[in-house]
Amino acid sequence: MKARVSTESRFKTGEIRLRVRQALMVHLRNPLTVALWIALGLSFVGSLSLGSVVLNPLSMMGEHVDPMVRLVLWEIRLPRSILAATVGFSLGIAGAAMQGYTRNPLADPGVLGVTTGSAMGAVLTFTLGWASFLPLALPIGGIGGGLLVLLMVMLLSGKDAGVHVMILAGIAVSSLAGAVISLTLNLSPNPHAGMDIVFWLMGSLSDRSLHHVALAVPLMAVGWIMLLMCRRGLTALSLGEETATSLGCSMRWLRRLIVIGSAMAVGPAIAVTGSIGFVGLIVPHLMRPLVGSDPGRLLMVSGLGGSVLLLWADMIVKVLVFNQELRLGVVTALLGAPFFLHLLIRIRREVP
Amino acid sequence: MPVQRPRSGTCAWSGWFGIANRRLPRGGGDSIGALPCRDAGSGNRFSHHADGGCIALGGGEPRESGPGGVGFWRKASCVPAIRRESAEGIYQLEPDLVILGPWSSRLTVDLLERLGLNVARMRSAVTWQDVFGQVRGVGELLHAQSEAELLVEGMIGRLDEIRNRTDGCDPKRAVFYIGRGSTYGSGTRQDTVMQSAGLLNVAAEAGVKGVGKLSVEELLLLRPDMIVFSSYHRDTPTLSREILNHPAFRKAAVSGRMELIELAAQDLLALDHGLVDCVEHLARTAYPERFAHIPFAKSAPGERINRSIEPR
């Protein structure tokens, strides 16, 4: 019996590895993917260089480098750039997955309520004072909030729920989490605590450390892998649920992979950076004309596009000089809102 | 909470937005409810003892006002309290005088004036001239001009002494860090305090005016000798101390490149000797050799929380 279980588990592990490898190979053969990887690399170097002073990351390899400058590069800029790239990837890939799964071009990772849940978890952790005792309490609370909301959505929508029930459950739970955030703000113990919450909710990558990277990136990576495994399922789903089922695609399995994968990718991202909107909505639309309407092919390129977009948005934050720090969530919203309107107008024109 | 009627000759004060409700130590025989949740209007504080009763106005944070707080709040404990900044709540107290800060709601101010109350508005004090002017102004409002003048003279005397001791020193570079990536630049009371202690505010030097942006990266590259915090956030859930947990900051601080100083928030808000205490503490920390064998001339012995702090 034991041997049978072990063989089955080995088979499953092998199958997962094979599917991930296949997915990666398909994407690496795509010239667009290669171009996006190059853009990501250049943007990453640009992000490392830009800041209050322009630094050349390559010159940091030498021996005669000011220790303070070296400290700034390795302990401040590097984590910021890594987080910009990985959070952007999470938002992009989760946005593409949600749009593919719901077959709705206006869907984004927030549909399931995980983003609001993460924000709620972080805000509660902060208000209860835990953030003062444990340095990483805030992102941990954010991840906990995201997972709690995910659990609620799954319980509310039931085992074999359709897309619409899932979205409704997500909206309901998201509204509840939003109400908890508002209540916390309303009852904030002092004005500074209230302002802290408001500013945190605007999203930012400044002053994050490698501890945040170590906490969030492994969890996000699990989410990415789960979403990349849905590639074929999403392609089949684009033909309709019945056709996808007849092609051997398990809808229940696909739904779980997408929901949990999106939550794992987005929850830790929001927990570390605060709310960053519109990336998950815009990027799949920017990439769709380049790869076609196959939602499976859109996953990887949307992730890479999200990374590049967020790195650029963060560079804008660094370069623009205001008396107060411009928040990343504000920049992405300023970029995203006009695009959203453009999208809406285009849809209205297409649908008579 | 039962509303206490004020005694004749007292005033009410009001301010801007929510501060936690804290019960304060009760003054001898004078029963009060809770001091206001809504205060800190002017960000200023002035204490005055008159006619055997207490009159208080202006800011300070109730959270700082527990047993470790300065005597001001104990003196203020007989002043009637309102729980919310509402014209109705203030009007119920039938005050002879209402003192409002610059952040008070315009609607509240207008309504109070229309209700026929005697309303005085205070502005934030930035320079020492502002501070002394406000002390004198409040003294006038409360018919306690001589006491206000005495307070001003005492403060000027102490400031002169600190200036004489720090004169000729190579000025140390300091930053007053607020958190959330912000600092106090030129044109702020904190800048005035640092200058009076013989320090160079590097944020102001870098062009920051008022409350301005300063990330950890900028902070480290400015290479300050001292980083000053306000104790306001101690024991309260705010993210302002996050910087102390950042590895880059910790490495720089632990290596002895910079010293961290915490000033009592209630002193920084005070328009009395508490503010001079902040100056003296900074000057003593920056130039210990100039103050050797000279006892701290603090106004309320044993109640200060100005101290050096260690990064976690």
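Chain A holds 15 helices and 0 strands (helices, H or I of at least four residues, and strands, E of at least two, are DSSP runs numbered from the N terminus). Its radius of gyration, taken over C-alpha atoms, is 21 Å, close to the 20 Å that the globule rule (2.2 Å times the number of residues to the power 0.38) gives for 352 residues, so chain A is as compact as a globular protein of that length. This is a predicted model, in which local features need pLDDT of at least 70, side-chain atom pairs count only at pLDDT 80 or more, and totals for chains, interfaces and linings use all residues. Residues are numbered from 1 along each chain as its sequence is written, chains are lettered from A and ligands numbered from 1 in the order in which they are written, and side-chain values use heavy atoms, with hydrogens and water left out.

The C-alpha trace of chain A spans about 60 × 60 × 50 Å along its principal axes. Of its 352 residues, 53% are buried (under 20% relative accessible area with a 1.4 Å probe, protein chains only).

In chain B, strand 10 (residues 226-230) has 5 of its 5 residues buried, so this strand is largely enclosed by the rest of the structure. In a regular strand the side chains alternate between the two faces of the sheet. Here B:Met226, B:Val228 and B:Ser230 lie on one side, B:Ile227 and B:Phe229 on the other, and all are buried.

Strand 10 of chain B pairs (at least two DSSP bridges) in the parallel sense with strand 6 (residues 172-179) of chain B over 3 bridges; B:Phe176 stands opposite B:Val228. Strand 10 of chain B also pairs in the parallel sense with strand 11 (residues 259-263) of chain B, over 5 bridges, where B:Glu259 is the bridge partner of B:Met226.

Terms used:
Buried < 20%, exposed > 50% of the residue type's maximum accessible area, 1.4 Å probe, protein only.
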